[in-house]
Amino acid sequence: MHLAYPAVLAALLFCTGLYGVLARRNAILVLMSVELMLNAVNLNLVAFDVWLRDSLHAGQALTLFTIAIAAAEIGIGLAIVLMVYRNRGTADVDRLRDTAEGHEPDGPNPTGMNPDTANPATGAAA
C-alpha cells in the first residue's frame, strides 16, 4: 500500500473539516467538522503506523486514545450546545458571543446616555 493514498484522503478530510469550522454558524455542524478533523488525524496515525511497521503499534494506540478523547469532547460539547439552545432558542455561534458576563447588547443605548458616565442611582450624568 502506498502512503500517498491515505495521506491524500486525510488531507481532504482535514480540509473539509477546517472549512466546516470556519464557515458554519451552527454549533452542531462545527462539532461535526471538528470530528472530521480528528478522524483525518486518526487516519494519518494508522497509515504511518502501518507504513513504518512499528512493533509496538504506537500509532494505533494513540488513535484509540484520540477516539476516546473525541467521544468525551462530543458528549460535553453536545450537552453545552443543548443547554445553550434551551436557554437562547438558537445554536448560532455568532449569537453566542454575548453570553460573557458584562457584555452589553449591540445597538443604541435606550437611555441615550453614555453608560460610563451615567449615575445608576439617579440616571443623571456624573
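Predicted model: local features only at pLDDT ≥ 70, side-chain atom pairs only at ≥ 80, totals over all residues.
Ile67 belongs to helix H3, which covers residues 58-88, and although Ile67 and Leu38 are 29 residues apart along the chain, their C-alpha atoms are separated by 8.2 Å.

Let me step back to the whole chain. The protein chain contains three helices and zero strands, so that, reading from the N terminus, its elements run α-α-α. Of its 126 residues, 18% are buried, and if we take the contacts with a separation of 6 or more, 47% of them are accounted for by residues 24 or more positions apart. The chain exposes about 9200 Å², of which carbon and sulfur atoms supply 66%.

Now to H3 itself. This helix has 31 residues and reaches 44 Å from its first C-alpha to its last, which is close to the 45 Å expected at 1.5 Å a residue. Within H3, the residues Gly59, Thr63, Thr66, Ala70, Gly77 and Val81 are buried, and H2 is included in what covers the buried residues of this helix. Just after H3 comes Gly89, which takes a positive phi of about 85°.

That brings me to helix H2, residues 27-52, where we find Asp49. How far from Asp49 is the nearest side chain of opposite charge? That side chain is Arg53, and it is 11 Å away, so Asp49 is buried yet has no salt bridge, given that a salt bridge requires a side-chain nitrogen of Lys or Arg within 4 Å of a carboxyl oxygen of Asp or Glu.

Finally, the surface. Phe14, Leu18, Leu22 and Val41 together make a nonpolar surface patch of about 350 Å². Helix H1, residues 4-23, gives the largest share of that patch, with three residues, whereas Val41 is found in helix H2. Val41 is partly exposed because its relative accessible area is 36%, which again lies between the 20% and 50% limits.

Technical notes
Residues numbered from 1 in each chain as written. Heavy atoms only, no water. Helix = DSSP H or I, 4+ residues; strand = E, 2+ residues; numbered from the N terminus. Buried < 20%, exposed > 50% of the residue type's maximum accessible area, 1.4 Å probe, protein only. Lys, Arg positive; Asp, Glu negative; His and termini not counted. Patch = residues over 30% accessible without salt bridge, like charges linked within 9 Å, V, L, I, M, F, W, Y side chains within 5 Å. Areas by Shrake-Rupley, 256 points an atom, 1.4 Å probe, with all protein chains shown as cover. Expected span 1.5 Å × (residues − 1). Contact = heavy atoms within 4.5 Å.
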